[in-house]
Amino acid sequence: MSTAAIPDDPQIRERFSELKPALTAQAAVIEADRCLNCFDAPCTAACPTHIDVPGFIKRIASGNLRGSAVRILDANILGASCARVCPVDVLCEGACVMVRQNRKPIQIALLQRHAMDAFWEAGERLPVKSAGAKKLRVACIGGGPASLACAAELCRQGAQATVIERRELPGGLNTYGVAEYKLRAADSVREVEMIRGLGVEFRCGVDVESAAALDALEAEFDIIFLGLGLGAMQRLNIPGEDSEGVMNALELIAAYKTGHLRELHGTVVVVGAGNTAIDAANAAKRLGAETVYMLYRRSEAEMSAFEFEYEHAKQEGVQFMWHRVPMSIKLDPDAHGRLLLYSVQVKQANGQFEAVPHSELAVTCDLVVPAVGQSPLTELLGKLRGVEVKDGRILADRLTGQTGNKRYFAGGDCVNGGREVVDAVAGGKRAAMAMLKAAEVADA
Ligand code: SF4
């Protein structure tokens, strides 16, 4: 697997330095000692992968960092990236009993990161069970967190798993779509390498787009896991959208993470107000744009981004334009190479957005970044036999991930419509366990 797609660029590293500094060894022990080791551990219940939080924290307190990391990885093979990207305020840390006592919650994410960083620094590896001991062969289509978790669990239990990814590197949004100050692409690739070390085979640069390609996979493998994620970002559907100087949020993030975009200047307008939109707006600021606007058709209270993401964007200097929709993009005749983004103020009436008369505004800018959500992967989904799809999502059993076609399982964003990395990990692992159980029953 080539990691050439991820250059180590000192300028990007400096501009996207990590948001939260790591805990020192001493601070980690002090923080771990604050944990009450709750019997019913609401933090564990709040984690979709049910990491044994008090268990891994106790091991940090006693200096057993390897044991702590293994405890994390037993539940969540992407425990290192989840420590960086999970919205812990609304998951484990939000559920910590300390919150109910009006005390600061235990810093679970930073402790998890501390254990995982120590694991990497010591060059530790997970023990490999007898790979191939079970006859089950599974193809996981898509190289994102759901497929990685599914494949890792299968190999850890002695089955065979192959991840098929259309891009150069696996990892999905962890590698290409998460802001670098949260999770570095190189760290995502390192996690993938650990999974490869468990015996998972990777086939990168392979598109599964035709019925013939699916036929070939069905002939080679017993089961197919669909960890397809979501499709491309949705279009704004306004005139001028295909102009040079328009780049959607995921393209922008992937471009700077892979060294294809090192600098921006002038004014950038991001359309949308979700978490990815904020990642793109913050990235534009850090890449050098003097002014960054976020334009959103609803109000501040209705934005879909987490509150801490919104606060972060304000700290970065991003400016917000509420109740506004883009109407068209044109070349600015007075400023060579620059764009004019025309927008209009809207108000909601009977569930519809109506333009406010005389509210048109033209912003001269250098880059327009649509960030209005990802569309479902309809092309491939339309080809899947016996796999039901509703509103662009694969219908799969909530507990097992099995679809209407018994040889197809699914998990992650293509099933849940787009949630957190940790939800995808949980879905992929659940599916793997269900496949193993089904194979055992068939063999009995
Ligand atoms: Fe520790 Fe908080 Fe979890 Fe209790 S809820 S075990 S105090 S992290």
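Predicted model: local features only at pLDDT ≥ 70, side-chain atom pairs only at ≥ 80, totals over all residues.
## Overall build

The protein chain contains 19 helices and 15 strands, and its C-alpha trace spans about 70 × 55 × 45 Å along the principal axes. For 444 residues a compact globule would have a radius of gyration near 22 Å, and the 23 Å of the protein chain agrees with this. Among contacts between residues at least 6 apart in sequence, 71% join residues at least 24 apart.

## Surface and charge

Of the 444 residues, 53% count as buried, while the protein chain exposes about 20,200 Å², of which carbon and sulfur atoms supply 50%. The chain carries 49 positive and 55 negative charges, whose mean positions are 5 Å apart.

## Salt bridges

Side chains of opposite charge can pair when their charged atoms come close. The whole structure holds 28 salt bridges. One of them joins Asp 117 to Arg 84, with the closest N and O atoms 3.6 Å apart; this pair links distant parts of the chain, since Asp 117 belongs to helix H9 (residues 108–121) and Arg 84 to helix H6 (residues 79–85), 33 residues apart. Asp 117 counts as buried because its relative accessibility is 17%, and Arg 84 counts as buried at 15%.

A salt bridge also forms between Lys 314 and Glu 311 (3.2 Å, N to O), and both residues lie in helix H16 (residues 307–316), 3 residues apart, or about one turn of the helix. Lys 314 is partly exposed, with a relative accessible area of 38%, and Glu 311 is partly exposed at 34%. Elsewhere, salt bridges that share partners join Glu 18, Arg 84, Arg 113 and Asp 117 into one network.

Terms used: Residues numbered from 1 in each chain as written. Heavy atoms only, no water. Helix = DSSP H or I, 4+ residues; strand = E, 2+ residues; numbered from the N terminus. Rg over C-alpha atoms; globule rule 2.2 N^0.38 Å. Buried < 20%, exposed > 50% of the residue type's maximum accessible area, 1.4 Å probe, protein only. Contact = heavy atoms within 4.5 Å. Areas by Shrake-Rupley, 256 points an atom, 1.4 Å probe, with all protein chains shown as cover. Lys, Arg positive; Asp, Glu negative; His and termini not counted. Charge placed at Lys NZ, Arg CZ, Asp CG, Glu CD. Salt bridge = Lys/Arg side-chain N within 4 Å of Asp/Glu carboxyl O.
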